[in-house]
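Open the structure in a viewer and keep the sequence beside it. The stops below say what to select next and what is there.

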Amino acid sequence: MTTTGIPPLPKAELHLHIEGTLEPETVFELAARNDVALPYRDVEDLRARYEFTDLQSFLDVYYANMAVLRTRADFAELASAYLRRCPGEGVRHVEMFFDPQAHTARGIPIEDVIGGLTDAVDEHAGSVSAGLILCFLRDRPASEAADTLRAAEPHLDRIVGVGLDSAEVGHPPSKFTDVFDRARGLGLKPVAHAGEEGPAGYVREALDELGVLRVDHGIRAVEDDDLVARLRRDGTPLTVCPLSNVRLGCVPGIGLHPLPEMLAAGLKVSVHSDDPAYFGGYADRNYTAVRDGLGLSAEQLRTLAANSMEASFVDAATRDALL
Ligand code: ADE
Ligand code: ZN
């Protein structure tokens, strides 16, 4: 069921952290199954912690909740629950982020993480197309990112690209130049979070140093006219997450989100849900938020949805078949 009751626009979800789809109820179910002690009384008590002041205040809860994900079946169920929602949200194709270091650091084998996620992708292949993007945690050492890529190499046939996420400020893209060089050499598509909390200069660095093909968030790019001109000229896609930006205080309110400015500047922007279990909604709710909160027209919403399909890493023939 959509929030509008109108059939949702066909779209691609290109900025979704699969661990960010872990709903509070599932945290409790998995904790019981895996005998993990939680520091919350119940679902309401957990939800009450979802009052975030900035990116780090969210990441603290996001990583803590991952303690309940322990087995291949847990990862499969997490991704399966998300993929089951996709047809109802109009999502025809997903390129989902996952954070292997957040699991391997807890002793979970990377094979179980990737195996579980691909089990779900295969299970839902008849109803939604899906791929995986392996993200490096930018607040951990670059050497650990390199180790993670090496550990993932036996599974590269199931991985579309590499990304960069976690605490942004103080961890510029240039810290990861070498591992992104290696990933591109292996045929993986590079993307990175940049300009979410960090400055426009990080967006420039992600382009120059990492060779990214898409910028995740990139909202602070609007502070730099030359950068905006470059992004427009190159048609670089930006995956914008309005509800996330509001909930993490990256913008003061939905009505002040720079999305209309980005559209007016001719940027190839699309709208996505980031961590929907934490930020108040999946794809459709982000579309209704920008329609109601920013007054975007039906035509602008169609542009956002069309941009998402064009910005995906599927080839044109596959894209046409998905629409
Ligand atoms: N990991 C999960 N969500 C994230 C976000 N919004 N920014 C950076 N890293 C993240
Ligand atoms: Zn994100």
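Start by selecting D35, which sits in the loop between α1 (24–34) and α2 (43–47). Helices (H or I, at least four residues) and strands (E, at least two) are DSSP runs, numbered from the N terminus. This is a predicted model, in which local features need pLDDT of at least 70 and side-chain atom pairs count only at pLDDT 80 or more, while totals for chains, interfaces and linings use all residues. Residues are numbered from 1 along each chain as its sequence is written, chains are lettered from A and ligands numbered from 1 in the order in which they are written, and side-chain values use heavy atoms, with hydrogens and water left out.

Stay on D35 and look at its backbone: phi is positive, about 60 degrees, although D35 is not a glycine. Most residues other than glycine have a negative phi. With a relative accessible area of 73%, D35 is exposed; here buried means under 20% relative accessible area, exposed over 50%, and partly exposed in between (1.4 Å probe, protein chains only).

Next select A32, in helix α1. A32 is also exposed, at a relative accessible area of 64%.

Now go to the zinc ion (ligand 2). Which protein atoms are its donors? They are H15 (NE2), H17 (NE2), H193 (NE2) and D274 (OD), at 2.1 to 2.2 Å from the zinc ion. Donors are N, O and S atoms within 2.8 Å of the metal (3.2 Å for Na, K and Ca); water is not among the atoms, so sites may look incomplete. Along the chain the donors are spaced H-x1-H-x175-H-x80-D. H193 belongs to strand β5 (residues 189–194) and D274 to the loop between β8 (268–271) and α13 (276–279), so this pair ties together parts that are 81 residues apart in sequence. H193 and D274 are both buried.

A cavity is a set of points on a 1 Å grid over the protein atoms alone where a 1.4 Å probe fits but cannot get out, and lining residues have an atom within 4 Å of a point. The count is 1 cavity of 30 Å³ or more. The largest cavity holds about 100 Å³ of space, and of its 14 lining residues the closest to the centre are H17, L55, L59, H193 and D275. Helix α3 (residues 55–65) gives the most to this lining, with 5 residues.

Move on to helix α4 (residues 72–89), which has 18 residues. Among the buried residues of α4 are F75, L78, Y82 and L83. Just after α4, select G90, where phi is positive, about 80 degrees.

Select H217 in strand β6 (residues 214–217). Its phi is positive too, about 80 degrees, although H217 is not a glycine. Is H217 buried or exposed? At 0% relative accessibility, H217 counts as buried.

End at P154, in the loop between α7 (142–152) and β4 (159–165). P154 counts as exposed, at 60% relative accessibility. Select F176 as well: P154 and F176 are 22 residues apart along the chain, and their C-alpha atoms are separated by 21 Å.

Definitions and conventions:
On a 1 Å grid over the protein atoms alone, a cavity is a set of points where a 1.4 Å probe fits but cannot get out, and a pocket is an open set with protein on both sides within 12 Å along at least five of seven lines; lining residues have an atom within 4 Å of a point. Grid points are joined across faces, edges and corners, and a volume is the space filled by probe spheres set on the points. The expected span of a helix is 1.5 Å times one less than its number of residues.
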